[in-house]
Structures are given as C-alpha cells and as structure tokens.
Amino acid sequence: MFSNRFNRWTVAAIALMGTAIATVPGAVLAQTPDHPSDTAAEFPTRNDLKSLTTSGSYLAARHASVERDAASAAAFYRSALRTDPKNNELLDRAFISSVADGDIDEAVKLAERILTIDKTNRVARLVVGVHDLKMKKYATAQTNINQSIRGPITDLVATLLSGWAAYGAGDAKGGVATIDKLAGPEWYPLFKDLHAGMILELSGKEKDAGVRFERAYKLDDSMLRVTEAYARWLSRNKDSAAATTVYQAFDKKLARHPLIVEGLRDTKAGKKMPPLADSAQAGAAEALYGIGATLPRRGGEDLALVYLQLSLYLQPTHPLALLSLADLYESVKRPQMAIKVYERVPASSPLKRNAQIQLAIDLDSADRTDEAIKILKGVTSDDSKDLEAIMALGNIERGRKKFGDCGATYSRGIDVLPAGNDKANSVWYYYRGICEERSKEWSKAEADMKKALELQPDQPHVLNYLGYSWIDQGVNLDEGMKMIKRAVEQRPDDGYIVDSLGWAYYRIGNYEEAVKNLERAIDLKPEDPTINDHLGDAYWRVGRTLEAKFQWAHARDLKPEPEELPKIEAKLTNGLTDDSNSSAAQADKKKDDGKGG
C-alpha cells in the first residue's frame, strides 16, 4: 500500500496530466529541491514507482521538486527515465536532483551519460571531476574540473579544485601556479592565498605557506578558516603565544566560537596544531565548503547546496559543511532535512553541542518536542552554565505552554548570567515574567518585567506586556497606557502591539479609539483570530453589530485557541452583553508570549 505522502504526489500528478511538459530550465535554481520529511517509511518504494507511467513519475517528481524534496524527486525522475531512457530532459533533472540530495555516486553515473550527449555540461563536468579527485584520478579530475568554468564563482571553485588535484598528482608547485594565475573580483585573493598556503604547507614549504596565511589574515581577520589556518601555522612555526594572540583577536569579534575556544585551549597548552587539511581531498572539500557557505547570503542557495553536498562527498564528517548545509535547509523552511544533517555531526567535534541545540529547535518545529527537550536537558546537564542551551530549552517550553517548566528553566539561566550585559540579560527576566504571569504568579511576573525595563528601558515588547497587564487588571491605568503608546511609537507596524493599544482603549471604555486602533491592527495582521475577535467586540460596543458578527465569524474560522472558540460562538449567538468578558482578555500575552522580544 502506498504511503499518504506518495498518494498525495500521485494525486498531484494526475491533476496535472493535462499540463504540457516544460523544457528543463538551464539554471540550477529550479532543480534543487529539498526533503520535507525525515520518515523513511514514507519514501516511495521501487514497487510504488513501477505503478506510475512516465508522465505520472515526471509530474510527481515536479511536485516533489516544488516541495524541495530532492530524494523523492530524484527517485521519480529516475523512474521516469527507466521507461524513457532517451529523454534528455528527464536525465538532466534526475542528475541535478541526485546532486541536491547528496547521492553523488548516482549523480556521477547520470553525469557520465549526460556528457556523452553534451560534453559542455558544466555541472556534470564538475561532479565527475570531484568524483575523480576523490578516487585520486588527478589528471582526469583536472581535465573535467577545468571544463566546469562559467562565471566568477565557478571559475574560483574550479581553479581551487584544479590546484588541489595538481597537488594530489605530486605537482604542488603547479597547483599553486594554477591558483595564482586566476584573476577576478576583489574577493578572490583571500581564497587564493588561503588555499595556496594550505598546499604549500602540505608540500613542506612552511615558510612560503606562512607568507600566504599572513597575507590572507591581513585581508580579512574575521574569516574563521583564515584565522584557524594562520593560528595553526603559527603554533608550529613561531610560538604558542603568537597563535594565542590570533585566536584571542577573533574571540573579541565573535565570542566563544567552539573552534576558537578549542584552539585557545590547545595553544595555551603549548600544542603544535596540525594543518586544516591533510590531503588533496580534504583541501578540495575545504574549498567547496568555503564557497558554498558564503553563497546563501548572496541569494545562491541552490548552487550552495551543490557545493556543500560535493564537499561532504569528499569529507563526509566535515562539521562546518554539515552545519552550513543544515542551516541552508532551515533557511528554505525544511527543518526535517536539517535534522538529518545535524545528526551526522561527529560526537568528537567541538561543534556537536551547537548541532545539538539546533537539532532540538528543529525537532520541536517538527512536533517532536519530547525528543528536543531530552536533548537540551542533556546539553545543560553537561554544562549547567550553557546559556544558549538553557535559553533554547526555556523557549521551547514556553512555546509549548509549559509555563511552570519554562519559569524554572529561565531561573537557571538568570542564576548564571554574566554581569554587565544589561541588554542581553533583560530578555531573561522578560521571558521568565511571561511564564510567571501565565502561571498566575503576577507579583513575581511584575517584578521581572520591571527588572527587564530597568536593564533595557523602553524595550517595546516589555512595555507592551507590562502596560497591557496593568490596564487589564484596572491598575496603573495612566502609566500602562503611556507604556503601550511608547511601544507603538517604536513598533508602529507590529500588529500585536497595535492590537494591545486598541484593546487597552477598549478596557478603559474608549470604544471609538479602540475601533480606530484595532482596525489598524487588522490591516497589519488580517489573519490573526484574536485581533479579529477584539475588533468584533469593539464594533459591538459602538453599535456596529452586523460588522461585529462578521469579525467574530472570521475569528472563529481562523482557528482560535480551543478555550476561546466557545466564547466566540456564544457571542455569534447572543451578542456581547454588558457583563460579558472579552473572549481574548489576555490576547496580546497569548499571541506574543515574548516571541518578538
């Protein structure tokens, strides 16, 4: 029996049967889907695929591509290709989907077929060249890689890979010369000096390597791998103090990066640290990672995916490449695939802790909250002062309405907060205050909100939360209203904060101002059930009863909180009586819960 997801693809394929099959676009962008699921049982089996026609497989593959599910897209394209082996469009799509999925061995087979038809296919040349490099076929690797050039980024990648292939073939001097010949944009020299230095380092020319590393470091001392390469070289060729100074300079720019912390520990202990790469394959993987990790920030997510997968093909446990790939999946809203990647980070890596924290966040987003909490409790038990892990745990508990738990978790963090970082420390009191308020411990919550404002005056979300709470309780009305107005002044386009102002006016009986501000909030957040419910109440109070019922009906249809639904339905039946409580008296606190803090 087919899985539910397979059936959904098949239905989509059938629905599209009348659509003409489009030609393959040349860009990689349309060809690099992702995985929306981490459940192997949902993946289509060979028997599933046999039941589909060529058109059915193709259309199911296109649907999987839209959902950025590379594994399923590749399976469907290959299924279609088996029944129509001369279809070049299917061949190209199956190839690109296989690369995106990281199935490089399968992609190589398809690339070789493509090159018999089109010898100029650059992506196929690159993939075959990387495969040759992995297999230590350095001469053919250079030939294929050199034919993959087509623009500034691919020129640089191909040149660096060609340089590493030359080194692998025993021609380090030729490899460095190949890299040095490349001319291009102003950001080329950084990568050229880094990789030339790494090749020189492995070929025993430590002095020349140091010149290159120092030059790269002066070009950009904030680049992690440049810093590491230079500091490692210093630890072996100068002294530990010099290496320590380089690490400390980076730590001042980005505090406590795990690789820098490890480097500082080793250099302070007087260790001579090994090079970043120990082989041609590791060096090539470093090149692919280095470029791939920068591309998403330039809008090149799809090419980045290709480079990162190829990097991991050469060096499957490269922790930075794994974290970059997982981050890429998160950026395209596919946490399920990020989960798989985070699980691949080696336990021995200093970055494992970071991977565990992000893994937990993604597990929670995939409704695997118990697993997420277990992981974070493990991390915090290993280090009771790990504020990042404690914050992640508290945020998950708060998001899942475990308010007693999150209050206790944030307290653990507050107990070990460093002094002097008032702005960062403020959010801890704000979040704990939310948990206390929702646990009906208002005196504690009020004290924490005041403390948060003491540490970061005029923080709009804290002003909003505390000001609204006072007005809702009928105390400190003037000060509460001033707070909410100050919050709106800072965040005039935040629908939740504008809703708070409207609802504050409602609570003090100024219904005309309530309507004015709640209508503005609806413009900003039209699909929010609470704001629609608020506006319905305000309309009713000013005599616009037909519009009130429309807003309540809309709020009902927008899936409000379960406990609010019967209240909305009662108002639809009976209207709003004088002694009616609002169905959303705690609205801002329920909707915001500090997520914007």
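**View 1. Helices H23 and H24 cross in a left-handed manner.** In a left-handed crossing, the near helix is turned anticlockwise from the far one by less than a right angle. This is a predicted model, where local features need pLDDT of at least 70, side-chain atom pairs count only at pLDDT 80 or more, and totals for chains, interfaces and linings use all residues. Residues are numbered from 1 along each chain as its sequence is written, and side-chain values use heavy atoms, without hydrogens and water. H23 spans residues 403-415 and H24 residues 422-438. Their axes (lines fitted to C-alpha atoms over the stretch in contact) lie 8 Å apart, at an angle of about 155°. The pair is therefore roughly antiparallel (angles over 145 degrees).

**View 2. Residues of H23 meet residues of H24.** Contact means heavy atoms within 4.5 Å. From H23 come Phe 403, Cys 406 and Tyr 410, among others. H24 brings residues including Trp 428, Tyr 431 and Arg 432. By class, the contact has eight nonpolar, three polar and two charged residues.

**View 3. The largest nonpolar core has 119 residues.** Such a core joins buried Ala, Val, Leu, Ile, Met, Phe, Trp, Tyr and Cys residues through side-chain atoms within 4.5 Å. Buried means under 20% relative accessible area (1.4 Å probe, protein chains only). Phe 95, Val 127, Leu 161 and Tyr 307 have the most contacts inside this core. Helix H17 (residues 301-314) gives the most to it, with ten residues.

**View 4. Leu 161 touches residues including Leu 126, Val 130 and Ile 145.** Other partners include Ala 284 and Leu 288.

Key
Buried means under 20% relative accessible area, exposed over 50%, partly exposed in between (1.4 Å probe, protein chains only). Helices (H or I, at least four residues) and strands (E, at least two) are DSSP runs, numbered from the N terminus. Axes are lines fitted to C-alpha atoms, for helices over the stretch in contact, and angles run from 0 to 180 degrees between N-to-C directions. Angles under 35 degrees count as roughly parallel, over 145 as roughly antiparallel, 65 to 115 as roughly perpendicular and the rest as oblique. Ala, Val, Leu, Ile, Met, Phe, Trp, Tyr, Cys and Pro count as nonpolar, Asp, Glu, Lys and Arg as charged, and the others, Gly among them, as polar. Lists of a residue's contacts leave out its neighbours within four places in sequence.
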